[in-house]
Amino acid sequence: MSNTDLAAATGTRARTDTGATALADAVARTGCTHVFALMGDGNMHLLLALEERGVGVVEVRHESAAVAMAEGYTWSAGRTGICSVTHGPGLTHVATSLVVAARNRTPLVVIAAETPAGYQGAQRFDQASFAASCEAVYRTMGRDDDPGEALTAALAVARDRSRPVVLGIAADLLTAPAAERATRGPAVLPAPSGAPSAEDDAVAADRLARLLTDAERPVLIAGRGAADGHSPDLLRSLADHFGAGLATTLPAKGMFDGHPLDLGIAGGLAHPAAERLLGSADLVVAFGASMGRSTTQSRHLFARAHVVRVVDEVPGGSSAGAPGGGGRTETLRGNAAGTLRRTVSLTRALSGARRPWFGPVGPAADCWREDLRDFAPPVADGTVDPRRAVAGISERLPEDATVVISNGHCSGFAAAFVTVPARGRFFAAQGFGSIGQALTTAIGVALGAPDRKTVVFEGDAAFMMHIQELDTAARAGADLTVFVLNDQALGTEYQRLHRDGDNAGAAVVPPPAIAPLAAAFGARSATLDAAGAGEILQEALRPGLAVVDVRTARSVLSRHMRLPHTLTGQNDGVGQ
């Protein structure tokens with residue numbers, strides 16, 4: 001959230017009648033345009049007060065969707081997303097989406113009702129412990145607390161710790177008279193705490209400048225934490241100086257498109273040409289990236305490299321034992337942009353520019369043709385090769401579209417064969433190895449950036465988990481097109497069972513006809529099951545809500561699933 005947003009979250013207000021109206025006033029002052037919620041008896045008065053103040057309340061069909069939509073809103077709107085649920089089961093339903101947001105380090109605030117004082121009914125439970133088990137921060141608003149200050153504090157914690165915060169408020173406090181206080185808290189939230197210092201950046205930059213000067217085959221990798229307003233250009237400058245390769249994790253896909261040293265996504269989703277070069281690197285420096293199993297191909301890809309991570313938070317304060325390649329690994333604490341700026345300055349003083357250590361591989365879309373050529377299984381009638389289908393869709397995306405992809409087998413096709421639109425954005429609805437997050441997250445993304453078409457790629461099994469939220473998207477007026485890559489199975493499980501000679505048919509769970517279902521929820525819909533999809537895609541990408549059932553062949557295994565260490569590993573996601 002920007003300083004403007006943070007400042008707007010505080011200030012002075014006229015007296016209000018209840019805790020609910022006071023809190024609604026505070027939410028309205030943040031500039032938040034939508035609050036995602038499922039009404040219950042614990043939060044209903046808050047939602048009424050929000051609507052009275054012009055804040056759009058998006059009523060979801062399941063509480064987990066409220067948190068996922070708030071995360072998507074945070075990503076696209078550039079301000080902290082807010083959602084609300086009632087107490088007890090209203091909160092427990094958000095578990096998966098809360099962990100996903102925590103793993104993605106997404107700041108958002110969940111305003112959760114607590115049971116009233118003295119309540120002894122079935123919905124009583126330890127909400128604070130539950131939130132902690134979901135890796136979120138729990139804060140409470142007491143009877144004497146000012147609602148504006150409570151929300152401001154929650155927003156500050158979410159920002160400072162890059163975490164979801166659950167703000168618990170007893171239901172009876174929302175209907176009780178607001179505490180009479182002269183102020184609504186400080187005029188501006190405190191400056192961020194715990195961020196790397198300028199000294200941290202300087203120490204990291206000095207180390208990196210010397211490592212890069214000595215390296216013969218360096219590669220720079222950008223993750224989600226380097227997707228700020230300055231780091232991409234600084235990384236390009238550093239790569240130009242050292243002739244280093246440029247690559248990204250999945251969440252930062254497209255950051256270096258068009259640069260001659262771009263290698264695309266690193267790891268299990270790398271195209272064959274990039275994989276060969278990445279495997280021969282002697283130094284890999286990652287900014288804002290966890291360098292987990294996916295990016296390192298379970299530590300096989302960079303087995304011969306010295307891997308260095310630059311992160312804003314070093315777990316346990318240690319600089320050793322970080323994830324990475326099979327060789328030496330090291331973690332440096334530093335702000336991505338601050339460290340890069342100093343590194344660029346130092347390297348210009350230490351050494352002259354060098355020629356690249358490899359020949360340009362060209363655009364990723366061209367490089368993936370090697371996979372189409374080398375792996376061409378038979379495609380059953382009535383189905384399409386998902387790689388070719390996704391590539392065809394990609395060619396027709398609006399220049400400023402936002403693309404959201406899911407987790408699971410289908411994500412391997414979307415991650416590889418979708419080119420991020422020239423003026424568009426890309427998000428991966430992952431973080432916890434869970435399927436079923438893409439549709440709900442994408443609705444929040446669409447409402448956070450209403451001037452862009454949002455396009456989501458989801459698998460059929462995952463789509464069916466939250467198909468009811470199409471109704472939410474329709475009611476909210478989301479400009480959203482959903483491409484369901486439908487192999488009529490649990491794709492990852494099917495492929496693993498098939499490879500092991502087990503009963504893969506157990507993973508074949510055909511959904512009902514998706515197009516009529518989508519139409520019933522208010523979406524334009526169609527089925528794509530053969531060539532000649534031009535008219536279908538043109539109609540689907542018009543403004544508004546649309547769903548296309550893309551019937552994909554189970555014979556086509558995504559490349560990341562063909563890697564031995566991926567096929568036998570856990571389903572922990574294809575990008576971190």
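Guide: Let's start with arginine 542, which is partly exposed at 37% relative accessible area. Keep in mind that this is a predicted model. The salt-bridge partner of arginine 542 is glutamate 539, and their closest N and O atoms are 2.6 Å apart. Glutamate 539 is partly exposed too, with a relative accessible area of 36%. Why would two such residues team up? Side chains of opposite charge can pair when their charged atoms come close.

Now head over to glutamate 275 and arginine 559, whose side chains meet in a salt bridge with an N to O distance of 2.8 Å. This pair connects distant parts of the chain: glutamate 275 sits in helix α12 (residues 272-278) and arginine 559 in helix α24 (residues 559-562), 284 residues apart. Are these two buried or exposed? Glutamate 275 has a relative accessible area of 18%, so it counts as buried. Arginine 559 is buried as well, at 14%.

Next up are aspartate 25 and arginine 53, with side chains joined by a salt bridge at 2.5 Å, N to O. Aspartate 25 belongs to helix α2 (residues 19-29), while arginine 53 lies in the loop between α3 (44-52) and β2 (56-59), so this pair ties together parts that are 28 residues apart in sequence.

Over the whole structure, a search turns up 26 salt bridges.

Let's step back to the chain that carries them. Of its 576 residues, 59% are buried. It has 25 helices and 18 strands. Take the contacts between residues at least 6 apart in sequence: 74% of them join residues at least 24 apart. The accessible surface comes to about 21800 Å², and carbon and sulfur atoms account for 51% of that.

β4 runs parallel to strand β3 (residues 81-85), joined to it by 5 bridges, with valine 85 opposite alanine 112. β4 also pairs in the parallel sense with strand β6 (residues 164-170), over 7 bridges. There, alanine 112 has glycine 168 as its bridge partner.

Last stop: an open sheet of 6 strands with parallel pairing, in the order β9-β8-β7-β10-β11-β12. β9 (262-265) and β12 (329-333) stand at the edges with a single partner strand each, so one side of each has no neighbour in the sheet. From one strand to the next, the twist averages 20°. The partner of β12 is β11 (residues 306-311), and they pair over 5 bridges in the parallel sense, with valine 307 facing threonine 329 of β12. Helix α10 (residues 198-214) lies across β7 (218-222), β10 (283-287), β11 and β12, at about 145° to β12.

Notes
Residues are numbered from 1 along each chain as its sequence is written. This is a predicted model: local features need pLDDT of at least 70, side-chain atom pairs count only at pLDDT 80 or more; totals for chains, interfaces and linings use all residues. Side-chain values use heavy atoms; hydrogens and water are left out. Two strands pair if DSSP finds at least two bridges between them. Helices (H or I, at least four residues) and strands (E, at least two) are DSSP runs, numbered from the N terminus. Axes are lines fitted to C-alpha atoms, for helices over the stretch in contact, and angles run from 0 to 180 degrees between N-to-C directions. Contact means heavy atoms within 4.5 Å. Buried means under 20% relative accessible area, exposed over 50%, partly exposed in between (1.4 Å probe, protein chains only). Accessible areas come from the Shrake-Rupley method with a 1.4 Å probe; for residues, only the protein chains shown count as cover. A salt bridge is a side-chain nitrogen of Lys or Arg within 4 Å of a carboxyl oxygen of Asp or Glu.
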